[in-house]
Amino acid sequence: MMVYFSKHIILLYLVIFFAGCAAKYTAYSIEEVEKHKYRYINKQSEKSLDILIKIYQDPNQTDEVRLLAINALSDITHPKVINAIQTSVSSTNIINLNLMIKSVETLSKYKDFGSVDSLISGLANTEKKVMETREIIINAIGENGTEDEILTLLDLYEISKANHARMNNLLTMRLGSLGDEKVIPILMNIAQDKEVDIYTRNRAVEILARKESP
């Protein structure tokens, strides 16, 4: 009888616990996002702004709703909004690519040093996540022990090399658009670095040729 009673007590506690957890989570709809956007824009409701930020940052919400929330926030210039987007971008806790792109585009509009720092952190963390993903994929290929493993790894090597070359080219072009004399030694290093692909080195030389500097 005592054992039977104890089981019911434990079951009751479990029901209360899970009910409490369920109560804490709220799934927002598209209509609710629009409602809170309207309330903030027209009534300056701070509570609605907080809810929009919460939706945007909540990975449990649907991608569609989160994207709608960041679209709403992109029209709002507020310290809370800037801080929320900076946090999300720098930590790269955004799996949805469209959400990440929209966040970066919105952040780039703010003339704020913190935004630049967030973008740099986001770039570094993105690179880190890419490397972690590649490590998992390569290890998985090794564990499968397929006959064409060498060919697959060679393909991955070519992809990695191409992406690295593309990144070098992007950085070279961006450096070339800057007028600061500090970038000239960097461009010279790129032009002389035999580890860098020939296309990017040639671009560096072309950019340097346009710089009016001794």
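Author: A residue is called buried when its relative accessible area is under 20%, exposed when it is over 50%, and partly exposed in between, with a 1.4 Å probe and protein chains only. The structure is a predicted model, in which local features need pLDDT of at least 70 and side-chain atom pairs count only at pLDDT 80 or more, while totals for chains, interfaces and linings use all residues. Residues are numbered from 1 along each chain as its sequence is written, and side-chain values use heavy atoms, with hydrogens and water left out.

Reader: Is Glu34 buried, exposed or partly exposed?

Author: Glu34 has its place in helix 2, where helices (H or I, at least four residues) and strands (E, at least two) are DSSP runs, numbered from the N terminus. Its relative accessible area is 41%, so Glu34 is classed as partly exposed.

Reader: How many helices does the protein chain have?

Author: Read along the sequence, the chain follows the pattern α-α-α-α-α-α-α-α-α-α. There are zero strands, and the count of helices is 10.

Reader: What percentage of the residues of the protein chain count as buried?

Author: The protein chain exposes about 15100 Å², of which carbon and sulfur atoms supply 61%; such areas come from the Shrake-Rupley method with a 1.4 Å probe, and for residues only the protein chains shown count as cover. Of the 214 residues in the chain, the share that count as buried is 28%.

Reader: Which residues does Ala69 touch, not counting residues up to four places away in sequence?

Author: Ala69 lies in helix 4 and, with a relative accessible area of 0%, is therefore buried. Between the C-alpha atoms of Ala69 and Glu34, which are 35 residues apart along the chain, the separation is 8.4 Å, and for Ala69 and Ile51, which are 18 residues apart, it is 9.3 Å. Contact means heavy atoms within 4.5 Å, and on that basis, with residues up to four places away not counted, Ala69 touches Val33, Leu52, Ile55 and Tyr56.

Reader: With which residues is Ser48 in contact, leaving aside its neighbours within four places in sequence?

Author: Ser48 lies in helix 3, residues 46-57. At 1% relative accessibility, Ser48 is counted as buried. Once neighbours within four places in sequence are left aside, the contacts of Ser48 are His36, Arg39 and Tyr40.

Reader: What is the value of phi near which Gln44 lies?

Author: Gln44 sits in the loop between helix 2 (30-43) and helix 3. With a relative accessibility of 51%, Gln44 counts as exposed. Gln44 is a residue other than glycine, yet its phi is positive, near 55°.

Reader: How far does the backbone oxygen of Asn71 lie from a polar atom of the side chain of Ser74?

Author: Ser74 is found in the loop between helix 4 (63-73) and helix 5 (79-91), and it counts as buried because its relative accessibility is 8%. Not counting residues up to four places away in sequence, Ser74 touches Lys102, Thr106 and Lys109. From the backbone oxygen of Asn71 to a polar atom of the side chain of Ser74, the distance is 2.6 Å.

Reader: Which residues are in contact with Val104, leaving aside its neighbours within four places in sequence?

Author: Val104 is found in helix 6, residues 97-107, and counts as partly exposed at 30% relative accessibility. Val104 and Ser90 are 14 residues apart in sequence and 9.8 Å apart in space, C-alpha to C-alpha. With neighbours within four places in sequence left aside, Val104 is in contact with Val89 and Leu119.

Reader: Which element gives the largest share of the lining of the second largest pocket?

Author: On a 1 Å grid over the protein atoms alone, a pocket is an open set of points where a 1.4 Å probe fits, with protein on both sides within 12 Å along at least five of seven lines, and lining residues have an atom within 4 Å of a point. The second largest pocket is lined by 13 residues, of which Arg134, Glu135, Ile138, Leu156 and Ser160 lie nearest its centre. The elements that give two or more residues to this lining are helix 7 (113-144) and helix 8 (149-176). The largest share, seven residues, comes from helix 7.

Reader: What are the C-alpha atoms of Ile137 and Leu156 separated by?

Author: Ile137 has its place in helix 7 and, at 41% relative accessibility, counts as partly exposed. Ile137 and Leu156 are 19 residues apart along the chain, and their C-alpha atoms are separated by 9.8 Å.

Definitions and conventions. Polar contact = N/O pair within 3.5 Å; in protein donor to acceptor, adjacent residues only side chain to side chain.
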